[in-house]
Amino acid sequence: MINKLGGIRQLAMVVKDADETMRYLYETLGIGPFFVMRGYVPDDYRYRGRSTIAPVLTLCFAQSGPLQIEVIQQENNAESAYQEFLAAGREGCQHIAVWFSDSAEYTLARQRILDAGLALVHENGERAAFARFAYFETQLPGGLMIEIAEALTPNVKSMFERVSRESVGWDGSNPIRSF
């Protein structure tokens, strides 16, 4: 199903300390630079089928070849897939993501994943101002989830193109940048 939906575009880690994780990734593995958004709050947020308080997030994006690396740190105690992951004693790779360029593709993919029997954990819905996303549970070891996101729409795509463009030939300088 993933290949039919466009393939994996992103590998994301949920961590307790985003700055420490980014530092390891750029100093030890040479992944960077990271573009950071602090205090991001998803709008029209739903957790396990009900509206609730949204998580406050630090989101960090870098590129490694064709794959985007995301580091996520949740700053509050709102119910989320991230909190579940950490509460289970996990830290690290939490999801892979498939990206879409328009609302119709996203809606179709969301339904196909639900029809395949995967449970929807959290999402931001139709009233999302920026771009929709949804996280689904799998039966993969370690709790790996699948995220779908409208990350190829013009407002998000331009941000992610910048992340990719600035990773090419990156010399290690200025490893953490703000959007």
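Strand S7, residues 92–99, pairs with S10 in the parallel sense, over five bridges. Strands here are DSSP runs of E with at least two residues, helices are runs of H or I with at least four, and both are numbered from the N terminus. Two strands pair if DSSP finds at least two bridges between them. Opposite Met145 of S10 stands His95.

A word on the source: this is a predicted model, where local features need pLDDT of at least 70, side-chain atom pairs count only at pLDDT 80 or more, and totals for chains, interfaces and linings use all residues. Residues are numbered from 1 along each chain as its sequence is written, and side-chain values use heavy atoms, with hydrogens and water left out.

S10 also has strand S9, residues 133–136, joined to it by four bridges, and these two run antiparallel. There, Tyr135 has Glu147 of S10 as its bridge partner.

How many of the five residues of S10 are buried? Five of the five, residues 145–149, so the strand is largely enclosed by the rest of the structure. Buried means under 20% relative accessible area, exposed over 50%, and partly exposed in between, with a 1.4 Å probe and protein chains only. Both faces are covered: Met145, Glu147 and Ala149 are buried on one side, Ile146 and Ile148 on the other.

Now the helix residue. Thr21 lies in helix H1, residues 18–27. Thr21 has 16% relative accessibility, so it counts as buried. Leaving aside residues up to four places away in sequence, Thr21 touches Val15 and Val71, contact meaning heavy atoms within 4.5 Å.
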